[in-house]
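Try each task before reading its solution.

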Amino acid sequence: MESKNRKVFLLSAGAALDWYNGPTTEKITQKILNVGLKNKKGEWITKCIFDKLNKGGEPDYRKVNFETIVNVIEDFISFWSKNESNILSFFILEKDIKWDDYIGEYAIINLKKNYDLVIKGESEAILSRMTFIPISKNPKIVYFETLLMKIFDTIISIIDDYSNTYKSNSGILSSKNDKINKAFNEFIKFNAKNILRIYSTNYDKVVETLFDKGNIEFTDGFENLPKGIPKHIRHLIPHAIYLNNNLNCIYHLHGSAYWKVIDKDENGLDYYNFVSSAYMEIAFNNGIPSFAIEKGSSIPIFNIITGYRKVSRTGLSPFRQFFSAFDRDCYNADELIIIGYSFGDEHINDIINKSRYSNKELKIEIVDPAFIFGGPFNLNISKWGFINYNLDHEIIDEKITYYRQIGLTVYKMNFIEYLQIKSR
């Protein structure tokens, strides 16, 4: 019996750019600078955070972007969480005037066992979500969680602009995407005899849609339904992620715009779970559950993970199972293909580094038109084993270079060109 090659893919931000309206980090960042909540001076809080971190200089979206802003807001939540230890409290007091830049006006109503939070200028629809809050929860935590909700919902809307399948003039299956969709489909056909293990840090559903259109079987971590029944509103089955390790898969390491967060279990008690959805799911419609991943330290749960506290949320299901599967797959892979990834997530880098160190036969391909040796990448390859920094290399052509010592081939090109080359 012919053995199948196990090809593991890591798709990141750069993998989305060939689809029409695929968002860049800069685009998302610029959008969220003018959404959310306003401070007491009438300024957007997100813009104040950005300007403070950017120190008045020219924007460098590699250093200060939407993830940085989310991280700051999560630090604010940590500061106001009385049950958590936080270093920030040593540097700023609760009554410090600096808070005027980062929090707006609100009022507390009916302070008994519960209270309602009324944020100045917010719509009735938003305010209806901030009622019957237990007095044990600091109002400022609710305020900043609401700000996070509005940021995350904006990101999800941006993702949906190019990733939807239910709008006639946009989305993955739009005629504007015929060229990239054809290249992707040809690539999948060419690899029909291989096991394709696809892991994505993106929040879209590009791969799932094209797999469905091509009648390609795959698992995504959610329950299987009989043929003919729509795939949306399926419940997560964590243990299936371990059982289905020899199937094609598409697992979202940082969540999806098309997941819905459920905040109650079957007994009506507070708990979290995820179900799949046919449409984008925004927190405004579903509420914001929280979970104490560590004793005394609750975190709000959204359907996507961003910011610099990703690792704490990867302890939740299904993220925990997805990362475990990614770890195992990289150890057992014949090839690891990394597309549009900046090596900015250390929890992912660690898996790649340990896998390459242990799996000496692992072939790695990096697809990135702007790739250069240096910066974060150089810090990682030093962990792949003994490296002679005068790396012997073979220039295949002006865009492809092979580094024999570390089993690495670099493709300095967009995803679509890589797909076309690899389909023949």
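**Exercise 1. Salt bridges across the sequence**

Task: Find how many salt bridges the whole structure holds, then work out which parts of the chain the pair Asp329 and Arg6 ties together.

Solution. Keep in mind that this is a predicted model.

Step 1. Searching the whole structure gives 16 salt bridges.

Step 2. One of them joins the side chains of Asp329 and Arg6, at 2.7 Å from N to O. Asp329 belongs to helix α11 (residues 319-332) and Arg6 to strand β1, so this pair links parts that are 323 residues apart in sequence. Both Asp329 and Arg6 are buried.

Step 3. Now look at Arg313 and Glu74, whose side chains form a salt bridge of 2.9 Å, N to O. Arg313 sits in helix α10 (residues 310-313) and Glu74 in helix α3 (residues 66-79), so the pair connects parts that are 239 residues apart in sequence. To judge burial, use the cut-off of under 20% relative accessible area. Arg313, at 7%, counts as buried, and Glu74, at 4%, does too.

Step 4. Glu145 and Lys137 also meet through their side chains in a salt bridge (2.9 Å, N to O). Here Glu145 is buried at 9% relative accessibility, whereas Lys137 is partly exposed at 24%.

Step 5. Finally, look for shared partners: Arg6, Arg197 and Asp329 are joined into one network by such salt bridges.

**Exercise 2. The nonpolar cores**

Task: Identify which residues have the most contacts inside the largest nonpolar core, and which helix gives the most to this core.

Solution. 

Step 1. The largest nonpolar core contains 80 residues, and Trp19, Phe144 and Ile155 have the most contacts inside it.

Step 2. Helix α5 (residues 139-163) is the element that gives the most to this core, with 14 residues.

Step 3. Take Phe144 and set aside its neighbours within four places in sequence. Its contacts are then Ile73, Phe76, Ile77, Trp80, Trp99, Tyr102 and Ile103.

Step 4. A separate second core has 44 residues, among them Trp259, Ile299, Ala333 and Ile387.

**Exercise 3. A helix and its surroundings**

Task: Decide why helix α7 (residues 206-213) can be called largely enclosed, and find which elements its buried residues pack against.

Solution. 

Step 1. Six of the eight residues of α7 are buried, so the rest of the structure largely encloses this helix. The six are Val206, Val207, Glu208, Thr209, Leu210 and Phe211.

Step 2. These buried residues pack against β1 (6-11), α5, α6 (178-190), β5 (195-200) and β6 (249-252).

Step 3. Move on to the loop between α6 and β5, where you will find Asn191. Asn191 is buried, with a relative accessible area of 2%. Its side chain makes a polar contact of 3.0 Å with the side chain of Asn194. Leaving aside neighbours within four places in sequence, Asn191 is in contact with Lys7 and Leu196.

**Exercise 4. Backbone exceptions**

Solution. 

Step 1. Start from the general rule: most residues other than glycine have a negative phi, and most peptide bonds are trans.

Step 2. Asn215 has a positive phi, near 55°. Asn215 lies in the loop between α7 and α8 (238-243) and is exposed, with a relative accessible area of 71%.

Step 3. Phe343 is not a glycine either, and its phi is positive at about 60°. Phe343 is in the loop between β11 (335-339) and α12 (346-358), and at 3% relative accessibility Phe343 counts as buried.

Step 4. Pro318 is located in the loop between α10 and α11.

**Exercise 5. On the surface**

Task: Find which residues make a nonpolar surface patch of about 290 Å², and which residues Arg129 is in contact with.

Solution. 

Step 1. The patch is made by Ile108, Leu111 and Ile135. Ile108 is part of strand β2 (residues 106-109) and is partly exposed, with a relative accessible area of 40%.

Step 2. Arg129 lies in the loop between α4 (124-127) and β4 (133-134), partly exposed at 43% relative accessible area. Beyond its neighbours within four places in sequence, Arg129 is in contact with Phe284, Asn285, Asn286 and Gly287.

Note on methods:
Residues numbered from 1 in each chain as written. Predicted model: local features only at pLDDT ≥ 70, side-chain atom pairs only at ≥ 80, totals over all residues. Heavy atoms only, no water. Core = buried A, V, L, I, M, F, W, Y, C linked by side-chain atoms within 4.5 Å. Buried < 20%, exposed > 50% of the residue type's maximum accessible area, 1.4 Å probe, protein only. Helix = DSSP H or I, 4+ residues; strand = E, 2+ residues; numbered from the N terminus. Contact = heavy atoms within 4.5 Å. Patch = residues over 30% accessible without salt bridge, like charges linked within 9 Å, V, L, I, M, F, W, Y side chains within 5 Å. Areas by Shrake-Rupley, 256 points an atom, 1.4 Å probe, with all protein chains shown as cover. Salt bridge = Lys/Arg side-chain N within 4 Å of Asp/Glu carboxyl O. Polar contact = N/O pair within 3.5 Å; in protein donor to acceptor, adjacent residues only side chain to side chain.
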